[in-house]
Amino acid sequence: MIAEFKKKLRVQSRAAIEAVIDDGPALSAAMVEHLVRSDVWAGLGDRVVVAFLPLRDEPDVRGLWSRAGMPDLAVPRIDWDTKRLEPALVRSLESDVEATRGVPHPTAGCPVVELDRVGLVLVPGLAFDRAGRRLGRGAGFYDRFLEGLGPEVVACGVSFEVQMVEEVPTEDHDARVRMILTESGLRDAR
């Protein structure tokens, strides 16, 4: 039952994203502005931000790399065999990134970030609800990654406003996010 509902919601969400994809750059730029002006961002200190590199239908937070005085930025490196994510520092989007199976990620030479250095994780998804429930693509990469982080780490869902839904169906293994960032702003979940 839940699997069918998730499948249907993924189809609906992809259609909603397609309706705003041409506005994606402007919407994404607004998200970056909301984030870097937030108290969450100001409170990071020397903690690392783990940010995703977008697929075609995801918000684009790469604008973070062009900011002066930013915290260290890491990107999840994907282990396709174990379906695990490991954050690695990315200093340059041009030289430190490659793609495997169409997914951009850090090259092998990028140093791994210890999880106790992470302060904020930007989490992509196909749909989110106001309680912080997230619908991913179905492989569970981020669910497993978030499960391994301490309670002080802020998990922040990143989505276009059209991806916000009344309720995302969840199962026991589905991780929630603590905040949600859209073009409308950054808000607490739950």
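Here are a few friendly notes on the sheet, a helix packed on it and an aromatic pair.

1. Please keep in mind that this is a predicted model, where local features need pLDDT of at least 70, side-chain atom pairs count only at pLDDT 80 or more, and totals for chains, interfaces and linings use all residues. Residues are numbered from 1 along each chain as its sequence is written, and side-chain values use heavy atoms, leaving out hydrogens and water.

2. Seven strands form an open sheet with mixed pairing, in the order β3-β2-β1-β6-β9-β10-β11. Its edge strands, each pairing on one side only, are β3 (84-89) and β11 (185-188). Strands are DSSP runs of E, at least two residues, and helices runs of H or I, at least four, numbered from the N terminus; two strands pair if DSSP finds at least two bridges between them.

3. Strand β10 (residues 179-182) runs antiparallel to β11, joined by four bridges. Methionine 179 has aspartate 188 of β11 as its bridge partner.

4. A search of the whole structure finds one aromatic pair. The ring centres of tryptophan 80 and phenylalanine 141 are 5.6 Å apart and the planes stand at 80°, so the pair is edge-to-face (Phe, Tyr and six-membered Trp rings pair with centres within 6.5 Å; planes under 30 degrees apart are stacked, over 60 edge-to-face, the rest tilted). Tryptophan 80 sits in the loop between β2 (73-79) and β3, and phenylalanine 141 in helix α4 (residues 141-147), so the pair ties together parts 61 residues apart in sequence.

5. Tryptophan 80 is partly exposed, at 24% relative accessible area, while phenylalanine 141 is buried, at 15% (buried is under 20%, exposed over 50%, partly exposed in between; 1.4 Å probe, protein chains only).
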